[in-house]
Amino acid sequence: MEGGLRETAIAHAPFFVTAPGETDVLFTIVVWFVVLAVFGAGALYLSLHALPERMAHHANHTQIQLISILTLLALFTHNNLFWLAALVIAVVQVPDFYSPLRSIAQSVKAMARNRGAVVDYSPVASEPVTTQEKAKDV
């Protein structure tokens, strides 16, 4: 009677129960799934960390070195504040304040030269010569 009970139990066992001495297929599938999931999660994590740097590369951002350093610091220290700062710097385009100010300064200097208020230092003469004196000599 014991043999009949055993045979009945084996016949009604679920599909994932492996017979003695055979390969456990479900275990093999789960192991491969876990290994692939760990590699996939690592790839996703690293690509997410590189997001601000890729955004800065595509936009030809002027602060790309700062963004790269912040993303590396975030990666190695696991401090999300560095990554958030890199993302904000990559997204926000800082306006160019220097070019208009330089243009204004050059225009004011040209206007002052036209009125004779700016002193030009001639490389030949040791004394400063104003633009009006240059015009008289010619």
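Modeller: Contact means heavy atoms within 4.5 Å. Keep that in mind as we read this predicted model.

Colleague: Which residues is Ala86 in contact with, leaving aside its neighbours within four places in sequence?

Modeller: Ala86 touches Pro52, Ile67, Leu70 and Thr71.

Colleague: Which residues make up the largest nonpolar core?

Modeller: A core of this kind is built from buried residues joined through side-chain atoms. Here the largest one has five residues: Ala56, Ile67, Leu70, Ala86 and Ala90. Helix 4 and helix 5 are the elements that give two or more residues to this core.

Colleague: How do I read the pairing of helix 3 and helix 4? At what angle do their axes cross?

Modeller: Angles over 145 degrees count as roughly antiparallel. The axes of helix 3 (residues 51-58) and helix 4 cross at roughly 170° and come within 9 Å. Helix 3 is therefore roughly antiparallel to helix 4. Their crossing is left-handed.

Colleague: Which residues meet there?

Modeller: From helix 3, take Pro52, Glu53, Ala56 and His57. From helix 4, take Ile64, Ile67, Ser68 and Thr71. The residues of this contact divide into four nonpolar, three polar and one charged.

Colleague: Is His78 buried or exposed?

Modeller: The cut-off for exposed is over 50% relative accessible area. His78 has 57% relative accessibility, so it counts as exposed.

Methods:
Residues numbered from 1 in each chain as written. Predicted model: local features only at pLDDT ≥ 70, side-chain atom pairs only at ≥ 80, totals over all residues. Heavy atoms only, no water. Buried < 20%, exposed > 50% of the residue type's maximum accessible area, 1.4 Å probe, protein only. Core = buried A, V, L, I, M, F, W, Y, C linked by side-chain atoms within 4.5 Å. Helix = DSSP H or I, 4+ residues; strand = E, 2+ residues; numbered from the N terminus. Axes fitted to C-alpha atoms, helices over the stretch in contact; angles between N-to-C directions. Parallel < 35°, antiparallel > 145°, perpendicular 65-115°, else oblique. Left-handed = near helix turned anticlockwise from the far one by under 90°. Nonpolar A, V, L, I, M, F, W, Y, C, P; charged D, E, K, R; others polar.
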